[in-house]
Amino acid sequence: MDGKRDMVVGGLWCVGGIVITAATYASASNGGGKYVMAWGAIIFGGIQFVRGLIRSASRS
């Protein structure tokens, strides 16, 4: 069960980081300005997702 939970949590972090990046980029591109590149959330989520994937595969 831990692997699936890690996959869900990691996926949510990764998607959340992508959404924040896309939303702030779209806002900045309309009138110029700065945007947030949520690298931490995207990378952390990706690593957590892969960790969960490996855990799930090893228990099967």
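Biologist: Is tryptophan 13 buried, partly exposed or exposed?

Modeller: Buried means under 20% relative accessible area, exposed over 50%, and partly exposed in between, with a 1.4 Å probe and protein chains only. Tryptophan 13 has a relative accessible area of 45%, so the residue is partly exposed. This is a predicted model, in which local features need pLDDT of at least 70, side-chain atom pairs count only at pLDDT 80 or more, and totals for chains, interfaces and linings use all residues. Residues are numbered from 1 along each chain as its sequence is written, and side-chain values use heavy atoms, leaving out hydrogens and water.

Biologist: How many aromatic pairs does a search of the whole structure find?

Modeller: Rings of Phe, Tyr and Trp (its six-membered ring) pair if their centres lie within 6.5 Å; planes under 30 degrees apart count as stacked, over 60 as edge-to-face and the rest as tilted. The search finds two pairs. In one, tryptophan 13 and phenylalanine 44 are edge-to-face, 5.5 Å centre to centre with 90° between the planes.

Biologist: Which parts of the chain does that pair link?

Modeller: Helices are DSSP runs of H or I, at least four residues, numbered from the N terminus. Tryptophan 13 is in helix α1 (residues 2-31) and phenylalanine 44 in helix α2 (residues 39-59), 31 residues apart. Phenylalanine 44 is partly exposed, at 39% relative accessible area.

Biologist: What is the geometry of the pair of tyrosine 25 and tyrosine 35?

Modeller: That pair is edge-to-face, with 4.9 Å centre to centre and 90° between the planes. Tyrosine 25 lies in helix α1 and tyrosine 35 in the loop between α1 and α2, so the pair ties together parts ten residues apart in sequence. Tyrosine 25 is partly exposed at 46%, and tyrosine 35 is partly exposed at 43%.

Biologist: Is aspartate 6 buried or exposed?

Modeller: Aspartate 6 is buried, with a relative accessible area of 3%. The residue is found in helix α1. Contact means heavy atoms within 4.5 Å. Leaving aside neighbours within four places in sequence, aspartate 6 is in contact with Gln48, Phe49, Arg51, Gly52 and Arg55.

Biologist: Which residues does the UniProt annotation "transmembrane region" cover?

Modeller: UniProt positions are given in the numbering used here, feature names are shortened, and annotations may be inferred rather than shown by experiment. The unreviewed UniProt entry gives residues 7-28 and 34-54. In the model, residues 7-28 are 100% helix and 0% strand (a DSSP run of E, at least two residues), and their end C-alpha atoms are 31 Å apart. Residues 34-54 are 76% helix and 0% strand, with end C-alpha atoms 37 Å apart.
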